[in-house]
Amino acid sequence: MIDVLVIGGGNAALCAALMAREAGASVLLLEAAPREWRGGNSMHTRNLRCMHDAPQDVLVDAYPEEEFWQDLLKVTGGATDEKLARLVIRASSTCRPWMRRHGVRFQPSLSGALHTARTNAFFMGGGKALVNAYYRSAEALGVRIRYDARVERLELRDGRFVAAFVGDERIEARSCVLAAGGFESNREWLREAWGRNPAGEWPADNFLIRGTRFNTGTLLRFMMDAGADMTGDPTQAHMVAIDARAPLYDGGICTRIDCVSLGVVVNRDAQRFYDEGEDFWPKRYAIWGRLVAQQSGQVAYSIIDAKAVGRFMPPVFPGTKAGSLPELARALDLDEMRFMQTMNAYNAACRPGRFNHTVLDDCTTAGLAPQKTHWARPIDTPPFFGYALRPGVTFTYLGLKVDETAAVRFGSEPSPNLFVAGEMMAGNVLGKGYTAGVGMSIGTAFGRIAGSQAAQAALEERRHATA
Ligand SMILES: Cc1cc2nc3c(=O)[nH]c(=O)nc-3n(C[C@H](O)[C@H](O)[C@H](O)COP(=O)(O)OP(=O)(O)OC[C@H]3O[C@@H](n4cnc5c(N)ncnc54)[C@H](O)[C@@H]3O)c2cc1C
């Protein structure tokens, strides 16, 4: 019998598999995707957030535990478990030598990458290179890997893992790690969670999924139905405003539209609906998916003029271009009169100031609702550009409740041999909000813990069986 069964094929699963194997356990990893699509959302990532008290290779200055914790506290509004959050933060300062041993390489932050040179270590070659390195290392260490192996259900007995089912095939193991992602690719579940809005629309029908199509939440739902302790709210997720032309799945990083704070955003009725300059874009980009989801038709339009060009990382597709604002309204299929009223009101409300996109500057609007509090300059210099935006779901936060051992819990009792890592439990640390790079910090910390714990549980059981 296998010692440790790992279900999932992204960062959390691979960290668990590697740790379990290093501890001496035999390991089988089941990945739902075919080999060419392996790696889940992790293959789309670029970096992980790391605590450090002094400059460390690719990281400049210091990013102490307390600052990381305060950042997390702020974005989650307190919807976080401090003990688990601090465990993740501390683990983020020591995991990189281990990652390097398994072939991951780091590089300094790129310019335009959300000002993260101090806080985030970037993977050379991105998340794709990271998962490829982990797979190579796992294979070299003797971890067995099966692709196209979607687990549909588990066999549990009194809170213990017994077996997993891939179709009709029953796979037994002494212990198990669940690392099968959130439910962001399950469109029915998103629909159920978001429901209908007062206009009778199903907002989730217009969501795009930034990552893998394989995170359908099958095991999350199974565990809920099996009575596992849960945490989080099914409507909470990391959601970004992305290019409306992005594909339904796997558009990845290059579909993000990063010019919101440099212009204005209007909805389908050509009305502004939120302060585009509320704070630095890295601190605000993850709220705009939700804001767009709340608009009719779940669509919005980011409008800029020539002054903004060159000040943001351009998306992969060019925007709609026009020589005048009325022409832009027509090209975007917006009501021209209402659009011009909005734009004229905005332009007239901009107060003179000293524009500086690197600080919270004094360029603001007066007498306008909603106000634009920073970087407000008249949109008056052709050519003008418009980008249609849709909500892009990165990952959902509903998850299994854990303690510092990563054990799945039933009625507050930890399972002796079933553990969980990554998006399936990230909601313990991230009840809402987001700070860039923390998804990989959580997955790496808990993947490693879950793998060690699963190996320990399996090896103990093996010893008992042979004693
Ligand atoms: C475009 C994009 C960019 C991102 N950038 C960053 C970043 O730079 N930094 C950061 O920290 N986070 C980033 N994230 C978030 C990050 O991807 C996640 O937090 C992290 O990868 C989660 O790891 P995971 O292993 O839990 O899930 P995943 O990597 O999604 O892995 C889940 C795995 O489970 C498999 N699976 C699902 N269901 C089953 C089943 N029933 N049976 C078997 N296997 C199954 C899937 O095929 C997949 O391999 C980004 C996400 C996206 C989409």
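Predicted model: local features only at pLDDT ≥ 70, side-chain atom pairs only at ≥ 80, totals over all residues.
Me: What makes the span of H11 close to the expected one?

Reply: Helix H11 covers residues 336–349, 14 residues in number.

Me: Which residues of H11 are called buried, and why do they line one face of the helix?

Reply: The buried ones are Phe-339, Thr-342, Met-343 and Tyr-346. Looking down the axis of H11, you find these buried residues within an arc of 90°, so they line one face of the helix. The face turned away from that buried side carries Met-337, Asn-344 and Ala-348, which are exposed.

Me: What covers the buried residues of H11?

Reply: The cover includes strand E13 (264–267) and helix H10 (325–331).

Me: Let's stay with E13, then. How do you know that both of its sides are buried?

Reply: Val-264 and Val-266 point one way from E13, Val-265 and Asn-267 point the other way, and all are buried. E13 also pairs with strand E14 (residues 300–304) in the antiparallel sense, over four bridges. Two bridges are enough for strands to count as paired, so E13 and E14 qualify. In this pairing, Val-266 stands opposite Tyr-301 of E14.

Me: And what makes strand E2 covered on both faces?

Reply: In E2 (residues 27–30), Val-27 and Leu-29 are buried on one side, and Leu-28 and Leu-30 are buried on the other. E2 runs parallel to strand E1 (residues 2–7), joined to it by four bridges, and Val-4 stands opposite Val-27.

Me: Why is Ala-270 called buried?

Reply: The cut-off is 20 or more other C-beta atoms within 10 Å. Ala-270 has 20 such neighbours, so it counts as buried. You will find Ala-270 in the loop between E13 and helix H8 (281–284).

Me: Why does Gln-298 count as buried?

Reply: Gln-298 has 25 C-beta neighbours inside 10 Å, and the cut-off is 20, so Gln-298 counts as buried. Its place is in the loop between helix H9 (288–293) and E14.

Me: What makes the phi values of Ala-270 and Gln-298 worth a look?

Reply: Most residues other than glycine have a negative phi. Ala-270, though, has a positive phi near 65°, and Gln-298 has a positive phi of about 50° although it is not a glycine.

Me: Where are the cis peptide bonds that join Ala-369 to Pro-370 and Pro-382 to Pro-383, and what is omega in each?

Reply: Most peptide bonds are trans. The cis bond between Ala-369 and Pro-370 has an omega of about -10°, while the one between Pro-382 and Pro-383 has an omega of about 0°. Pro-370 is in the loop between H11 and E16, and Pro-383 lies in the loop between H11 and E16 too.

Me: Last one: which residues are closest to the ligand, and which element gives the most to its shell?

Reply: Of the 43 residues that surround the ligand, the closest are Gly-10, Gly-40, Gly-211, Gly-422 and Gly-439. Elements giving two or more residues include helix H1 (11–22) and helix H12 (438–466). H12 gives the most, with four residues. The shell divides into 16 nonpolar, 22 polar and five charged residues.

How values were computed
Residues numbered from 1 in each chain as written. Expected span 1.5 Å × (residues − 1). Buried ≥ 20, exposed ≤ 12 C-beta atoms within 10 Å, placed from the backbone. Arc of directions from axis to C-beta. Contact = placed C-beta atoms within 7 Å. Near = placed C-beta within 6 Å. Nonpolar A, V, L, I, M, F, W, Y, C, P; charged D, E, K, R; others polar.
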